[in-house]
Amino acid sequence: MRNLLFFLAAAAAFGQSNGRVAGQVQDAKQAAIPGARVTVQDSERGFRREVRADGLGRYSAPDLPIGRYQVTAEAPGFAARTVTGLTLTVGAVLAVDLQLEVAGVTERVEVQATMATIDPQQAAGALVANRPLVELPINGRDFARFALLTPGAVGRTASLSDLAFNGMHPSHNNFTIDGIDASRGDQPVVTNGFERGGRLLTGSLDSLSEFRIQTSNYRAEYGRAAGTVITVASRAGTNAYHGALFEYFRNSALDARNYFNTVNQLKDPFRYNNFGGNLGGRIWRDRTFFFTNYEGSRQRLGARGTGTVPSALMRQQALATAPNLRFLLENFPVGTSPTANPLVDNYTRSESVKINEDTGSIRLDHNASSRDRLFARVNLNNSTVDGPLFSILPSALGLTDFQLVPSHSRNVALNWQRIVSPASLLELTAGLQRTMTNGSSETPYPQVNVAGLTVVPGSRRLNLSNANVFQYGGTFSHVRGSHTIKAGATLWRTQVNSWTTSVISLSYLSLQDFINNRLGIANLTAGTFGNGIRQTHVGLFVQDNWQVRPGLTIDYGVRYDVTTPNHDNQDRLQSFDTRAGRLSAPGGPWYRADRNNFAPRLGVAWQLRPRLAIRTGYGLFFQQFAPGFGNNIAQNTLTGNSQLVRQSIPDLAWPLDPFLARGTAALPVANGLNWDKPDLYAQQWNFTLLTALPGSLSLETAYVGNRGLNLRRSVNLNWLNPETGRRAFPAFSRVNVDFANGQTDYHGLQLHLRRQMAQGWLLGFAYTYAKALGNVTDAVVGATEPQDFRCFACEQGLSSTDVRHIATLNALWDLPWARNNRWLGGWKLGGLAMLRSGIALNVTQPRNTVGSDNATNQRPDRVLGVSPYLPNPTASLWLNPAAFQLAPQGRFGNSGRHPIHGPGFFQTDLSLLKDFRIAESRKLQFRTEVFNLFNRPNFAQPNTVAGTPNFGQIFNTLGRTIGSGTARQIQLVLRFEF
């Protein structure tokens, strides 16, 4: 009972970036040696952990820092045995069995460990070690992109936050560094500076020891994610001094042209300098260690934007019909070439983006005593992006559109481990993740959306945001016989503060409507002049790793998560109350807290034979409602927050002043959350066959299932009734309410062939064949609002994360010739290849044909017998416009959600490295890296607004500046390591 009370009082699962060594001590006849003393020692830092074997010779040393180890077993009457050369990785269970010989002439036996090729106890996913992180070619040196090497991973865009796994959405992942939250704070995506070009905000690759991606079947200690957990471990110093200096250089003179940068145009300029260094070592041998890192990046990128704009004829007709449109037309650029439609011109522009980034970190480790170990780490990251907004948002091609975005992030970890007894361990940690972004894209023009044009000029306003995530806590582990029990809790306190300016968005539903100044919808979003959202989340867990018998292990546990409803720090905001149909009282709860989040987990690992094992499991995985999702509630009581629609204002036109002056026409927009809003969760299950192959290769063949429930969906409950012309809530225009009723279903066959670095080469190959279904669109790629909020079943279709085939390959090879020759040897080859089929796309139409005022995600009719795919698609026309037609007046279109797939993706990156050995411990490395070796144009998604002149056309490549999907780029690298 005393231990149980201690478990419940403990605070937080921070052993997430640690591992465990376990095994059995036997004699030469394989009989157990009870009470044997087992010492686990860090070979590089002198840290020791001593445990005792139980009556059956079993031992377990949990929550060990990752690193290189040796394990020694001793017992009276036997010669001691030491196994060296062991490598413990993040979240791994390292099985080390020791066989002791009767004492005689030899009093101590030392052997070199052989690397196990299969690990049935490790959760599904992938591990990326330090050497691949540093030596594999990665465009932008961003660690998150390495996660795409994992089976089931999907990267649909060049966006850092767009990482989806096993059919879940990108907002369903959890990122940690040394167990400390590394998300943006307001939303559960990797820190990304609002996707404004900065790529080092999560830290330098040189500061990372390794990271593990766990996609399914992970233990109860891992929470805050309904999808995948990505655990990063930072580098620590050792007794030996090690360091590096590096410079990565690029120039557009070495690069190929962007597909849309034709030969009669100047080549887009590009300058890239990425530099820095690191140093690690001891302050006090076997006691105190340090590791520090700095990396800077200076980019001058030629960003190319393309789209369609009003032609001279369209401008002439518009000004003749409606002179008031002159102000809006001023911000549309003049076209650069005609199209087949005389009202529409093509437009292309190239400008320079300036991106400066600096990141630094320092970590201190201290072995305070034989029982106490501490470490502290601080990461500091700053970036500034200055340039055209179309480098990030392709439609922002207005003459005044711009971005100036300084972003900062801070991540702090403090950790203390205490060996309570040979069988018990206590770990306490505190941490902070802070992100700060100032996004300035404010212009004097409103946003103007014209169906039939792809360029959307106008203000994206000013956004100031900072988010703090505080963590406190620890875990308690206890080994009892065949059971390794671990329990704890996590306390996260999240603060999200924001400040925005007002913005106006205008929507014209056709080219002719714009010419006639027949405005369809005008959204006026008021600025929020300072508001703060607060949330507290507590997670409790208890788990047991039970070795039923040699070769059979059962991991079982339960996790409980509870989160306070989002609220503002001044108790003054008023949410729309779905129970009463009006705004709530200031300070009142926005929704009912979900207190039923019990999540059982079960995993079974069965070693059938030395080279064959089975892993299977099932579990529930909850995720709290993100604090940033409540920000729009701050607009509810502000003047100037309204929507005007043609259905209720037949003569709606620009400018808006006459209509706003009517008083009753400009009804306010209300935002809220459904009172019954359960937390989203996933059911995950898998069955995996692990096979050890010759050549130290391992093959995992897995069936993975995933079902996401209670997914977030935004719904406008206040449609204008086409029959009566009235709204359900007459005091408001739109009533935007967040519901938790979305669903996804995923089934996948996943193959993972891999070989960790040994004998000079490393290999990883992953293939996924899968299908993902769902009834809600991922907020990263589109609006979540349904076509008809009265029929959620009508939204069932392919998921926005549906990709049928995905294959990745990564390899490192220390070339064998002249290895011992200082000048002729030292050559290495590295490569990455990613191949996937197309992403599921939604096809919409620009207007509502039912007669209500909802124009979001309206779908057209399918034309029977006509394929949406062309036999020889080109960027000028990728899809068949004849396959869809506008739905007739009076009903919704019959097209399903996400009925087609876009272009596929294939890219090969290659690196050639040469090490010049200066001395035994010093080398100079020169490297040439080529991204998109074959210069294959990887296209962004085509325009999918049916019935418009742009339908089926592609205007951009997937990547336009840096990252995946660019034209061929060459990078030169110089590194000095000692």
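In which sense do strands E6 and E9 pair, and over how many bridges? That was my opening entry today, and I kept in mind that I was looking at a predicted model.

**Entry 1: the E6/E9 pair.** I looked up strand E6, residues 80-88, and found that E6 runs parallel to E9, with five bridges joining the two. A reminder to myself: strands in a sheet pair through backbone hydrogen bonds, in either the parallel or the antiparallel sense.

**Entry 2: the sheet around the pair.** Next I traced the whole sheet, which is open and has five strands in the order E3-E2-E5-E6-E9. The pairing across this sheet is mixed. At the edges I found strand E3 (48-52) and strand E9 (108-112), each of which pairs on one side only. From one strand to the next, the twist averages 20°.

**Entry 3: the chain as a whole.** I stepped back and counted elements: the protein chain has six helices and 54 strands. Along its principal axes, the C-alpha trace spans about 105 × 65 × 55 Å.

**Entry 4: burial, contacts and surface.** Of the 978 residues, 61% are buried. I also looked at contacts between residues at least 6 apart in sequence, and 74% of them join residues at least 24 apart. Last, I noted an accessible surface of about 36100 Å² for the protein chain, with 58% of that belonging to carbon and sulfur atoms.

Key. Residues are numbered from 1 along each chain as its sequence is written. This is a predicted model: local features need pLDDT of at least 70, side-chain atom pairs count only at pLDDT 80 or more; totals for chains, interfaces and linings use all residues. Side-chain values use heavy atoms; hydrogens and water are left out. Two strands pair if DSSP finds at least two bridges between them. Helices (H or I, at least four residues) and strands (E, at least two) are DSSP runs, numbered from the N terminus. Axes are lines fitted to C-alpha atoms, for helices over the stretch in contact, and angles run from 0 to 180 degrees between N-to-C directions. Buried means under 20% relative accessible area, exposed over 50%, partly exposed in between (1.4 Å probe, protein chains only). Contact means heavy atoms within 4.5 Å. Accessible areas come from the Shrake-Rupley method with a 1.4 Å probe; for residues, only the protein chains shown count as cover.
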